[in-house]
Amino acid sequence: MRPGFVLDVDERTPPLLVHQGEGFRLEKFPLGTRVVYPPESLPGLPDVDGAIDHALESPENSEPLRALMRPGMKLTIAFDDLSIPLPQMRRPDVRQRIIEKVLTIAADVGVDDVKIIVANALHRRMTGAEIERIVGERVFRSFWPNDLYNHDAEDRDNLLHMGLTEAGEDVEINRRAAESDLIVYVNVNLVAMDGGHKSVAIGLASYNSLRHHHNSHTMVHSRSFMDHTKSAMHSSTWRMGRLLADQVKIFTVETTLNNSPFPEKYAFLTKREWEWSLKDQASAYGMSRAVAAMPKQARRKLFQSVVADYAVTGVHAGETEAVHVKTLENVHRQQLVEVQGQSDVLVVGLPYLSPYNVNSVLNPILAMCLGLGYFFNMYRGRPLVRKGGAMILYHPVTWEFSQLHHPSYVDFFEEVLAESTDPATIEATFEKQYATDPWYTHLYRTSHAYHGVHPFYMWYWGSHGLDHLGDVIWVGGDRRTCARMGFRSASTLADALEMASGTVGTSPSMTYLHSPPHAIADVR
Amino acid sequence: MARLSGSTGPGGVGLRDVAQGWRWGGRTLVPGSAEPHRVPSPPREFTTSWARTPAARATRSAAQAYALAPLMRSQLSMSVYGAEALTELPGPAVFVANHSSHLDAPLLLCALPPSLRERTAVTAAADYFFGSMWRAVSTALVFGTVPIERRGGAPSTTPVDLLADGWNLVIFPEGTRSADGMVGRFRFGAAQLALTQGVPIIPVGIRGSYAAMPRGRSWPKPGRPPVTIRFGRPLQPRPGDDLRELTGRTSDAVSRLLDEDATTWWDSVRRPADTSGAAGTPLSGTLEGLPGTPGTGAAGIARWRRVWAATEPAEPSGPRSPWD
């Protein structure tokens, strides 16, 4: 396994792969561009089931799971929803393996009262098929639908206010979980942002609780989301998590994955371009042409059906904070790349998928969140781009929404962004109205829609990026859509650099974050 | 600072994009900054025995006599000295020359008497000349090249087998073309072959090829620049010779030939050889008197001066034109 590194584009550098929504391109970057390559994929654990057993029997800073169980107790198992990992992993999902082990112990001990809850917070309810894919047929058949269900953040009767943190933040989570004798949380820690106290304190929370950290002020002071010690959002979540841990016994199981987001047949998407074989070259050309010739629906189906070759690199269980330290070590081992200094321009290619459009469309707001919220924040220390610099993103940003999954996004885009793109302004003016809109609430609770306030959170997610950057330009982006979001679009990289020259000059330093696979830049 | 070198095309992956990254023949072009992260490729020796079959030898003889030699003489003013003594060689030998240009191998081959040339193979860097199929096949056919590993790894048995089979070998012991025209440090491979196989080393000084076609050029400079190929007397391995000693003698002999070409044989034998002399003009010429010369190496001399000396036009060797 080779570590990540920073490539300096020279005359020998071939055109480099850039993701661009449901497609990709090869881009000839200017000489001198720095390219951040993630470390190669770590080998997976040879015996995942053995590692799970070991983690449950010898947990971090906690008694073994079996010792925490007794007959007659209330056991709640919560797990991360389909927003991670991306793309979905091969079956069996590691969450299935862990939940089956936990249930086996519970059955041995004689625990009857078991509920399994999808920790989807304000995300859309998962369908039965989607849940079954994560937990496996055996668990699904035993528990669905009465004892295996989605968390409902709007079910007032089934939420419990646990108190206020020292900063005055409401801590309100799922009543069943709060009143349990033991919560076992099963997580997939795809990037450093996930996991820790974020799992229970966000995954099972209500809007009343989430609003304390999912707001423009907190988000702009989260630098970055990938470093929980420097993230205001995580600090708030940690306060809430500690309050919860004082009142409820939480047994956290965290897992980490390697850097194989694509299956073997798409190997060229993860290989370094100068090492592409003839087969890789032919695959890249063939797939690109085929994708371009496909009808839109077929293309979307093709991309959404991609199943990653992720392998499990670590399983740790026990007390939340002790576990998360181990988890982050694994994540950093897989994703951290040392980068010297910032640059004037950051270039990223946005893929077809974000945590919020699994089996759906990446609408413009999600594209903005993916670019300025996630990719921009893939750093530790300092952003890859200097304050006032420019960010160039590749994505078509088509004016397209899923009415099923993102109904409030449509109105947010048409109504709110037409008024203002400033996160603080739209928060003050519009958030309450969307968060309490009965129709959006109804769709969230009964259909498969994201909560009414969710597009606001997506926009806040980019607050730090919006505050930090002097210019945001989308290569290949729909002009009308970009303009609505307050951005500009360019046809080519050359045009984008020309447009950015007013901000960063005519010979800027550039960094291209070659991701996915995931890379966290440790900017010195 | 980044500099945009070209326009970008439309979205997707076009044929032109693919072609820019395509490794024709499988040779991998690795960006400089990615070199430390390269995966070592498994050893794979390109078989060249087919290039020594009668048919291939006949093709090569014809190509060298009727295409390569006329081409060389049309582009360069070639002078060859000392080749007449080579016909008296009793058996195979190792030709060791300084190396500063891709012209060196064809020049040396063209300078050899035909009887020797047709049983002479040129050792060539496996990673460069045998990295792609088309390059490997064409050089093996036209120059009779055989691969040698210059970056470590398992040594090939081909050179030993060739000498045992009565073939002569051409070796450039610096391992790569000189970047500034100076003669670099000789590696031990040639001396080892001579010692283990008991064959003589023929030192060869090639002067002017750097000036005619240095690194970065793919065709000689116009104006038929002069080049000289000067063969020395065979160096027989002596009893008790070790690798280092024989390599030192070889290196001295090559430097002396270059010196001889720039001055006279008498001057060169009276002067202690300098192993770091310039291939174009020896240290004892242009760079004499500078710090570190002669005999103490040219490391302290500015690079531009070494290049300057190496590319200094040679004196015309033919009779003076009555019109000058």
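**How the parts of this model meet**

Author: In this predicted model, the centres of domain 1 of chain A and domain 2 of chain A, taken over C-alpha atoms, are separated by 28 Å. Domain 1 covers 5–41 + 335–523, while domain 2 covers 48–257.

Reader: How do you know how many residues the contact takes from domain 1 of chain A and from domain 2 of chain A?

Author: Residues count when heavy atoms come within 4.5 Å. By that rule, domain 1 of chain A supplies 39 residues and domain 2 of chain A supplies 38 residues. The area buried between these two domains is about 3,300 Å², with carbon and sulfur atoms giving 61% of it. On the domain 1 side, Tyr444(A), Tyr457(A) and Trp461(A) lose the most area to domain 2, together 20% of what that side buries.

Reader: What makes Asp152(A) and Arg445(A) a salt bridge?

Author: The rule asks for a side-chain nitrogen of Lys or Arg within 4 Å of a carboxyl oxygen of Asp or Glu. Here the N to O distance is 2.7 Å, so the pair passes the 4 Å cut-off. Across the interface of domain 1 and domain 2 of chain A, the rule finds 3 salt bridges.

Reader: And why is the pair Glu35(B) and Arg12(A) called a salt bridge?

Author: The closest N and O atoms of Glu35(B) and Arg12(A) are 3.7 Å apart, and the limit is 4 Å, so this pair qualifies too. Across the interface of chain A and chain B, the rule finds 1 salt bridge. There, 40 residues of chain A are in contact with 30 residues of chain B, and about 3,000 Å² is buried, 59% of it from carbon and sulfur atoms.

Reader: What parts does the pair of Arg70(A) and Asp181(A) tie together?

Author: The side chains of Arg70(A) and Asp181(A) meet in a salt bridge of 3.5 Å, N to O. Arg70(A) sits in the loop between α2 and β5 of chain A, and Asp181(A) in the loop between α6 and β10, so the pair links parts that are 111 residues apart in sequence.

Reader: One last point: at what angle do helix α11 and helix α12 of chain A pack, and why is α11(A) called oblique to α12(A)?

Author: Helix α11 (residues 278–293) and helix α12 (residues 296–304) of chain A pack at about 135°, their axes 8 Å apart. Roughly perpendicular ends at 115 degrees and roughly antiparallel needs over 145, so α11(A) is oblique to α12(A). Met287(A), Val291(A) and Ala292(A) in α11(A) meet Arg299(A), Leu302(A) and Phe303(A) in α12(A). By class, this contact has 5 nonpolar, no polar and 1 charged residues.

Note on methods:
Residues numbered from 1 in each chain as written. Chains lettered and ligands numbered in written order. Predicted model: local features only at pLDDT ≥ 70, side-chain atom pairs only at ≥ 80, totals over all residues. Heavy atoms only, no water. Axes fitted to C-alpha atoms, helices over the stretch in contact; angles between N-to-C directions. Helix = DSSP H or I, 4+ residues; strand = E, 2+ residues; numbered from the N terminus. Parallel < 35°, antiparallel > 145°, perpendicular 65-115°, else oblique. Nonpolar A, V, L, I, M, F, W, Y, C, P; charged D, E, K, R; others polar. Domains from an automatic or database assignment. Buried area = accessible area lost by both parts, 1.4 Å probe.
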